[in-house]
Amino acid sequence: MSPGPDVVCPNMSAPQNYASVGDVEALSVGHTIHNVGDTWVNFFASTNQHPVTAGNVYRYSVVGSAGRFEQVGMGWLQHGFFALSQSSGCTCTPTDGQHLGIGCSDVSTSVRVGSQVGLGPRWQVNAHTGAFPFPPASPPFSGTVARRIQVAVFDLEPTGGTTRYFHESHFVTPDEATAGNGDNNASHRELAVSGSGTAWNFASVGSVVSEASAIRAWKAIDAGVTELDVRIPGEGLLVLGYRVTALGGGQWHYEYALYNMNSDASVGSFSLALGAGVTLNGIGFHDVAYHDGDGPGNVNFSGTDWTPTQSAVAITWAAESFATNPSANALRWGTTYNFRFDADMPPETGTLTLELFKNAGYVQAEVLVPSSTGPVGPGLAFCAGDTSLATACPCALPDVVPNPAAAAGHGCANSFDLNGARLKLTGALSPDTVTFTTSIGGNSAAFGLLLKGN
């Protein structure tokens, strides 16, 4: 039991499908909200002291032998208005309907969640503090897809092959956010998709994965995915998933998906360090579209793609700055953006820098990035260890290595690990800040003997 209010989603109901409008499909998914905290959750209908729930749709697909996980749909927010006192396998102490009691659950059906008149926009909600105005903005709307979770028809294909879809329910609750319990508020469940043209149907598959955002499904599908939690100091949580895939022919695909769980500061720039001389192609970006006036002044946030810029040391995607356009296409809470490219060099550990959108500052994380060709810092690599250089290494990479990209930059295999020894140099000659790092099989504590000669 968590200290303070703490809501999770242990169950979701079957989707409600709606008639498409043009090239847009729509759905809504009901949910159970359960209080696992030791304090009641406020559920006042006529104030801003109640939970709001966002719905999202994600797609896993394989393109050119490389997997990717993208957000392809999102809807407006359902506002909670009366707390039932149901039991979800725990002892529930009933309350007055204006609070969700300890161990109690409240159920919203898919039809209720899809009731358009009761839906509010996302832009007014600070997911970090849980604050939002009430009543929410309510611009005019019409048609069956308005305000509901929208998915473009061109993003749909029948499931059954490698393509899979997932629904995510994500709660934001003011008193829970104050208690610091907002990182477990999203859950996901797989969807089966069938249909063609402009007639599509969504159905539930399997059980709910509670207290796990949909992006967590990527690693569950593909064990080769790396997953990192990136905390903005004193603020929200970001989750990064990424995958490097060897394509053959001296090419690797780099795929990154960044999810903003609950940061109001948001992210405005995504920058990866690059080794010298790396050639990139197929540089891409993917986002998700706001709709129905979800933005200040009832005008959607911008949908302008982030602009990629490559320098000698980095590849950077960036939105317009907050000073230029407060409604720019920043990575806001409850959304996931993708960054991708192919490179002619295998991966090595490098730095990801994320610049914040609303606030001055940045956060960094260590990820895999394309390695350098030839010179590394002030030194010169003897051989890459992966047969990518024209000159032969002192020994061939053993055939038993399951993933040659994992051994890139290492020497011959040894009795300790399939990945051999490696020498990495960083720093500069003037002023002299050169640092040598030796490793064996990824163990940076390995003993190394360095010899110097003319």
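**Before starting**

Residues are numbered from 1 along each chain as its sequence is written. Local features here need pLDDT of at least 70 and side-chain atom pairs pLDDT 80 or more, totals for chains, interfaces and linings use all residues, and side-chain values use heavy atoms, without hydrogens or water.

**Whole chain**

Colour by pLDDT, the predictor's confidence in each residue, from 0 to 100. The chain averages 88, and 84% of the residues score at least 70. Select 374-408: here the pLDDT is below 50. Beyond near neighbours in sequence, this stretch has 44 contacts in the model; a contact means heavy atoms within 4.5 Å. Where pLDDT is low, the predicted coordinates should not be read in detail.

Switch to cartoon. There are three helices and 30 strands. These are DSSP runs numbered from the N terminus: helices are H or I with at least four residues, strands are E with at least two. Of the 454 residues, 51% are buried. Buried means under 20% relative accessible area, exposed means over 50%, and partly exposed lies in between (1.4 Å probe, protein chains only). Among contacts between residues at least 6 apart in sequence, 67% join residues at least 24 apart.

**Stop 1: the largest core**

Select Tyr 256, Leu 258, Phe 270, Leu 272, Trp 306, Trp 317 and Phe 341. These have the most contacts inside the largest nonpolar core, which has 39 residues. Such a core is a set of buried Ala, Val, Leu, Ile, Met, Phe, Trp, Tyr and Cys residues joined through side-chain atoms within 4.5 Å. Elements giving two or more residues to it include strand 18 (237-248), strand 19 (251-260), strand 24 (335-343) and strand 26 (362-370). Apart from this core lies another, of 25 residues, among them Val 7, Cys 9, Ala 83 and Cys 104.

Centre on Tyr 256. Leaving out residues up to four places away in sequence, Tyr 256 touches residues including Leu 240, Phe 270, Tyr 337, Phe 341 and Val 367.

**Stop 2: aromatic rings**

Show the rings of Phe, Tyr and Trp (six-membered ring for Trp). They pair if their centres lie within 6.5 Å; planes under 30 degrees apart count as stacked, over 60 as edge-to-face and the rest as tilted. The count is 17 aromatic pairs. Pick Tyr 254 and Phe 341: this pair is stacked, at 5.1 Å centre to centre with 25° between the planes. Tyr 254 is in strand 19 and Phe 341 in strand 24, 87 residues apart. Tyr 254 counts as buried, at 0% relative accessibility. So does Phe 341, at 0%.

Now widen the selection. Ring pairs link Tyr 242, Tyr 254, Tyr 256, Phe 270, Phe 285, Trp 306, Trp 317, Tyr 337, Phe 339 and Phe 341 into a cluster.

**Stop 3**

Go to Ser 28 in strand 3 (residues 24-28). Ser 28 counts as buried because its relative accessibility is 3%. Its side chain makes a polar contact of 2.8 Å with that of Tyr 18. A polar contact is a pair of N or O atoms within 3.5 Å; within protein, one must be able to donate a hydrogen and the other to accept it, and residues adjacent in sequence count only if both atoms are side-chain atoms.

Move to Asn 17 in strand 2 (residues 16-21). Asn 17 is partly exposed, with a relative accessible area of 23%. Its side chain makes a polar contact with the side chain of Asn 201 (3.1 Å). A polar atom of the Asn 17 side chain also lies 2.8 Å from the backbone nitrogen of Phe 202. Asn 17 and Ala 203 are 186 residues apart in sequence, yet 8.8 Å apart in space, C-alpha to C-alpha.

**Stop 4: loops**

Select Thr 159, in the loop between strand 13 (149-152) and strand 14 (164-172). Its C-alpha is separated by 8.6 Å from that of Leu 191, 32 residues apart along the chain.

Next, the backbone. Most residues other than glycine have a negative phi, and most peptide bonds are trans. Select Phe 134 and Pro 135: a cis peptide bond joins them, with omega about 0°. Pro 135 is in the loop between strand 12 (119-120) and strand 13. Ser 65 has a positive phi of about 75° and lies in the loop between strand 6 (52-63) and strand 7 (66-74). End at Asp 292, whose phi is positive, about 65°. Asp 292 lies in the loop between strand 21 and strand 22 (307-310).
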